[in-house]
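Morning, everyone. I have one structure to walk through today. Let me put it on the screen.

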Amino acid sequence: MMLDLIMKLFGKESSGSKNIAKERLRLVLVHDRVNVSPQFMETLKDDMIKVISNYMEINERDMEVNLTTSKSSVALVANIPVNRMKRGPMAMK
Amino acid sequence: MGEVLVITSGKGGVGKTTTAANLGTGFALTGKKVALIDADIGLRNLDVVMGLENRIVYDLVDVVEGNCRLKQALIRDKRYETLYLLPAAQTRDKNAVNPEQMKKLCEELARDFDYVIIDCPAGIEQGFRNAIAGATEAIIVTTPEVSAVRDADRIIGLLESEGKSNPKLIINRIRPHMVKKGDMMDIDDIIDILAIDLLGVIPEDEYIVISTNRGEPAVTHPSSLASTAYKNIVRRLCGENVPLMSMEVRTSFLSKVKKFLKL
């Protein structure tokens with residue numbers, strides 16, 4: 001602790017470049033691992049349709065499900081047009 | 001039936017061939033019957049690391065194409081009775097062999113040998129697919145660098161999609177001094193990222209260069225760091241529970257004083 005403080009005073013902050021390596025690796029892998037197979041996305045889409053169909057009628061043809069990446073994160077973005085809400089005990093308030 | 005281990009990494013230059021040579025020789029030192037296969041067709045290397053380059057008559061492609069019998073192509077290492085090498089072809093390319101043929105070859109060898117160790121070429125193309133085809137277990141070699149760990153991650157994914165799950169990891173060329181300074185990723189960092197089982201850690205060791213110069217795998221040395229690390233890995237693969245060797249950096253009083261004065 002004390003040594004660190006003295007080091008800092010003398011402008012010799014320990015570089016700790018391993019933390020830079022770890023962070024860069026984390027980001028690179030986030031992007032690498034996004035490259036999933038088309039079958040993976042199709043299966044995911046089918047499962048989503050199954051679940052959502054319990055609650056509403058959706059336009060499966062125009063439905064879009066994609067993984068998008070920004071600089072530091074990955075998001076699953078879905079655009080699902082709804083044709084009609086289902087009436088039923090679940091939907092009633 | 002023997003085990004068929006493939007040594008792979010994705011990235012080149014991380015120590016696949018050195019690892020294959022040392023594990024093979026290490027097993028042979030314990031009396032196990034071992035066949036080393038150099039699957040890097042076109043860029044034959046395992047033969048020189050083993051010091052067997054002058055004894056090659058037939059190679060892997062000759063066996064696959066039926067130009068000779070398997071027994072004729074296997075070079076017996078005269079120093080270790082139970083160690084054999086099947087060299088890669090030097091004048092052909094990776095497409096001279098296909099995964100089906102490799103599978104058949106590995107099965108045939110596994111009937112006669114306790115361990116079949118395949119030295120996989122770098123990359124993820126045909127050569128990689130050939131090398132892993134017949135393997136029952138995969139060992140991934142990486143170094144504590146961003147590029148090597150990234151490629152290792154890719155390889156883990158590819159192995160999984162080929163139905164080879166639970167590969168084991170060897171972290172090669174760790175430099176304890178740099179780890180201590182926080183300038184090199186340590187074992188935990190890498191395991192954390194790759195999330196696979198650790199098989200062993202090989203510290204950076206100048207003796208590896210010397211042993212490769214001589215064509216005698218480092219594992220035959222009685223006490224070098226890398227030698228001990230490889231022997232430990234061999235014991236772990238044989239089912240023994242061997243703790244990781246200490247990477248403790250000893251700092252002498254003098255070096256502490258020097259460091260202090262350099263502030």
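I'll start with one helix pair. The crossing of H5(B) and H6(B) is right-handed. H5 covers residues 99–112 of chain B, and H6 covers residues 126–133. Keep in mind that this is a predicted model.

Who makes that contact? On the H5(B) side, B:Pro99, B:Met102 and B:Lys103. On the H6(B) side, B:Gln126, B:Arg129, B:Asn130, B:Ala131 and B:Ala133. By type, the residues of this contact split into four nonpolar, two polar and two charged.

Now the geometry. The two helices pack at an angle of about 30°, and their axes are 7 Å apart. Angles under 35 degrees count as roughly parallel. H5(B) and H6(B) are therefore roughly parallel to each other.

Stay with H6(B) for a moment. How many of its eight residues are buried? Six, so this helix is mostly covered, taking buried as under 20% relative accessible area. The buried ones are B:Gly127, B:Phe128, B:Asn130, B:Ala131, B:Ile132 and B:Ala133. And what covers them? The cover includes S1, H5, S5 and H7 of chain B.

That brings us to the sheet. Chain B has an open sheet of eight strands with mixed pairing. The order is S3-S4-S2-S5-S1-S6-S7-S8. Strand S3, residues 75–76, and strand S8, residues 197–203, stand at the edges; each has a single partner strand, so one side of each is left without a neighbour in the sheet.

S3(B) is joined to S4(B), residues 83–86, by two bridges, and the two strands run antiparallel. B:Ile75 sits opposite B:Leu85 of S4(B).

Now move to S5(B), residues 115–119. Is this strand covered or open? Mostly covered: five of its five residues are buried. B:Tyr115, B:Ile117 and B:Asp119 point one way from the strand. B:Val116 and B:Ile118 point the other way. Note that B:Asp119 is among the buried residues.

S5(B) pairs with S1(B) and with S2(B). With S1(B), there are five bridges, and the strands run parallel. There, B:Leu5 stands opposite B:Ile117. S2(B), residues 34–38, also pairs with S5(B) in the parallel sense, over five bridges. Here B:Ala35 stands opposite B:Val116.

Next, a helix on the sheet. H7(B), residues 146–161, lies across S1(B), residues 3–8, and S6(B), residues 137–142. H7(B) runs at about 165° to S6(B).

H7(B) also takes us to the other chain. The helix it meets there is H2(A), residues 17–32. Their axes come within 10 Å and cross at roughly 30°. That makes H2(A) roughly parallel to H7(B). The crossing is right-handed.

Which residues of H2(A) make the contact? A:Ala21, A:Arg24, A:Leu25, A:Val28, A:Leu29 and A:Asp32. Look at how those numbers are spaced. An α-helix has 3.6 residues a turn, so residues three or four places apart point the same way. From H7(B) come B:Val146, B:Val149, B:Arg150 and B:Asp153. The contact divides into six nonpolar, no polar and four charged residues.

One single residue, before the totals. B:His177 is in helix H8(B), residues 176–181. Buried or exposed? Exposed: its relative accessible area is 54%, and over 50% counts as exposed. B:His177 and B:Met247 are 70 residues apart in sequence, but 8.9 Å apart in space, C-alpha to C-alpha.

Finally, the two chains overall. Chain B has 12 helices and eight strands. It has 263 residues, and 52% of them count as buried. Take its contacts between residues at least 6 apart in sequence: 74% join residues at least 24 apart.

Chain A has three helices and four strands. Along the sequence, the pattern is α-α-α-β-β-β-β. Chain A has 93 residues, of which 17% count as buried. Of its contacts with a separation of 6 or more, 52% come from residues 24 or more positions apart.

That's the tour. Questions, please.

Conventions:
Residues are numbered from 1 along each chain as its sequence is written. Chains are lettered from A and ligands numbered from 1 in the order in which they are written. This is a predicted model: local features need pLDDT of at least 70, side-chain atom pairs count only at pLDDT 80 or more; totals for chains, interfaces and linings use all residues. Side-chain values use heavy atoms; hydrogens and water are left out. Two strands pair if DSSP finds at least two bridges between them. Contact means heavy atoms within 4.5 Å. Axes are lines fitted to C-alpha atoms, for helices over the stretch in contact, and angles run from 0 to 180 degrees between N-to-C directions. Angles under 35 degrees count as roughly parallel, over 145 as roughly antiparallel, 65 to 115 as roughly perpendicular and the rest as oblique. A crossing is left-handed if the near helix is turned anticlockwise from the far one by less than a right angle, and right-handed if clockwise. Ala, Val, Leu, Ile, Met, Phe, Trp, Tyr, Cys and Pro count as nonpolar, Asp, Glu, Lys and Arg as charged, and the others, Gly among them, as polar. Buried means under 20% relative accessible area, exposed over 50%, partly exposed in between (1.4 Å probe, protein chains only).
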